[in-house]
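My notes follow in the order in which I took them.

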Amino acid sequence: MDERKESILQLILQKLPWNDGKRAFRLSVIVLVAIVLIWTFLLYVSLPPRRTVVVKDPQFSFSPESLPDIESAAQRLSDEHDIHVVVITLPGTGLDESENKSAALKAYKEYCNPGFLRDRSGICLLLFPHVGYVEAAVFTYGMARGSVNFDLEKEVDHLFYQVHAPSPKFDKASSSSLDLINEKGHFHIGVLRLMIVCLLLPLLLAAYVCMRAIRRKKIKPSPESYKYRVTRNYISRTDTFLHTD
Amino acid sequence: MQMGRKKEARGRKMADSIKCPNCSGNLIFDIGRQKLFCEYCLSAFVTEELEDTISIKEADEEPEGILEEGLKITCNACGAQLVTEKNSVVTYCSFCGSPAFIKERLSEKFAPHYVIPFQIDRDEAVKKFLRWCNGGRWAPCEYTSEKTISKISGIYLPFWLFDIDCRIDISAAALKNGRPLDLVRKIETKWRKLPFLGSKSFNEDLMKAIEPYKLESISVFHPGYLHGFMAECYDTEGEAVKERAAARVKEYIDEEFRVTVSTSYTDVKKTADRSEWKYEKVRYAMFPVWLLRYEYGGKVYEFAINGQTGAVSGSYPISLPKVILLFVTVFTACAALARLILALFLGGLF
């Protein structure tokens, strides 16, 4: 290492906050506050929000008798799968996929917005009664924890037929929802894997980093014999193969 | 040339120090110049020029109680009374800062044959210390504080130097490609100035770790080299060190044998070891070491630098709060990152 590099290294070492008691204290406080804030945030985003069940019928498609049944079916779906459920009737044909998505997003955000990065797993059923079409949009945020999975199909069908069983015009909602799940590549991670990825791996990594950091330098053994040797004469150096029968 | 030494007064032992012949200021051994230097009149002297300043041959008998713990000596510069440790040869007056030389501890019996002068100065020693402990990143904050760094002291330690002539005679059995072999090694070898620490107060393993010294630049002893540093005299006789010397020689015999055995041989087993050695000469020398002792959590951590070559060794304390902080920080950062990756990249529609 040349002198310049060495002096730069020395300068860096001397400037390390750990070398100064006051700076070390300040840095420690900052790091501790950051840790507390991060964990508060993680706790906040991990707490499951209260689930919302909304059934809106601005197109007046549901009969007053069927509305309580639809609401209870939606509530059951929400309770069983721990998800938000939004059922809404819309005007139009529902043929424009992007329009449908933005309509679903708008409705879902309006009724089920738990906050930034929080678990917003749920389903939004868009009903277009004038043309007899249903679109189901699935919302997850990486924390679906198995709630929104392929088993939802039956439940959505059940709800759908409860709403519109008499009308043969409607398509199966579940096929749409499955398409969406596949299309968006929803990754169903599961609780165990989530724990491994978010807790166990970071724990192991932190332990490894600590072990590396505090690894003590070994004290060297005695120097080799040649360091003090002044002469060496070989009197005899023979290697003889032994005869074996 | 002014003699800095004063005769004993009122039964007290007087400390010695080498004074500048020009201005009577204290001379200090200057590492850069490799000379005794006067900080007051900026004169520099080769140590041999001041041959008669302290005559260690005067005290040919060990005065009674000279090796006692807590020996009281009087500073010859300010007259303050100093209490010395058992084996200290050179110390400092805690009142005026003058070097205090206890000549009787360098008498005939304790007079070293050789000395290796310091080549590494204090600034370089501090740099090496900081680099060795990574700026004290994981050590307690106090470990790299100015207070602790000021405790890094240059000290001459007593070493016994052994000249050993050895005749290695080893028979062994080995296998080469499954075929048995009979090995015979007869080697004559000589090791010179093999150093062994002559003090029980210091960690021998640590001293071995900062070996070897460049023995070709060893000098005949002169007290002037010690001026400006601490120094200890031996408390273990050369004879008592021979046991340790024998252990090292056995290691070296094994090593000499090992290097002569081909790496293609397997299952090498010694069948007879008739090696012999004799101690040709045993001499006493002072070797330079920069030393730091630091107590943390009831344990003493030692750090040493070879004062000639700059080789470094030791152990430093680990600060538990810092490690906990590191653990929690890494854990938190990784957990947060993993959570964000899951949320942002493996999530659903938004």
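I began with the lining of the second largest pocket: strand 2 of chain B gives the most to it, three residues. Strands here are DSSP runs of E, at least two residues long, and helices are runs of H or I, at least four, numbered from the N terminus. The model is predicted, so I noted the limits: local features need pLDDT of at least 70, side-chain atom pairs count only at pLDDT 80 or more, while totals for chains, interfaces and linings use all residues. Residues are numbered from 1 along each chain as its sequence is written, chains are lettered from A and ligands numbered from 1 in the order written, and side-chain values use heavy atoms, without hydrogens and water.

**Second largest pocket.** I looked up its volume and found about 350 Å³. A pocket is an open set of points on a 1 Å grid over the protein atoms alone, where a 1.4 Å probe fits, with protein on both sides within 12 Å along at least five of seven lines; lining residues have an atom within 4 Å of a point. Grid points are joined across faces, edges and corners, and the volume is the space filled by probe spheres set on the points. I found 16 lining residues, with Ile28(B), Arg122(B), Gly228(B), Phe229(B) and Trp290(B) nearest the centre. Strand 10 of chain B, like strand 2, supplies at least two of the lining residues. The lining divides into eight nonpolar, four polar and four charged residues. Nonpolar covers Ala, Val, Leu, Ile, Met, Phe, Trp, Tyr, Cys and Pro; charged covers Asp, Glu, Lys and Arg; the others, Gly among them, are polar.

**Strand 2 and its sheet.** Which strands does strand 2 sit with? I found an open sheet of three strands in chain B, order 2-3-4, antiparallel. Pairing needs at least two DSSP bridges between the strands. Strand 2 meets strand 3 (residues 35-38) over four bridges. I traced Ile28(B) to its bridge partner, Phe37(B). Asp30(B) has Lys35(B) as its partner. These two strands form a hairpin with four residues between them, and Gln34(B) in the turn has a positive phi of about 60°.

I then followed strand 3 to strand 4, where I counted two antiparallel bridges. Leu36(B) stands opposite Phe45(B) there. This hairpin has five residues between the strands, and Leu42(B) takes a positive phi near 60°.

**Largest pocket.** I got about 470 Å³ for the largest pocket. It has 20 lining residues; Glu85(B), Ile155(B), Met230(B), Glu232(B) and Arg293(B) are the closest to the centre. Among the elements giving two or more residues are strand 10 (153-176) and strand 15 (276-296) of chain B. I sorted the lining into eight nonpolar, six polar and six charged residues.

**Chain A.** The pattern along the sequence is α-α-β-α-β-α-β-β-α-α-α-β. Of the 245 residues, 40% are buried, meaning under 20% relative accessible area with a 1.4 Å probe, protein chains only.

Methods: Buried < 20%, exposed > 50% of the residue type's maximum accessible area, 1.4 Å probe, protein only.
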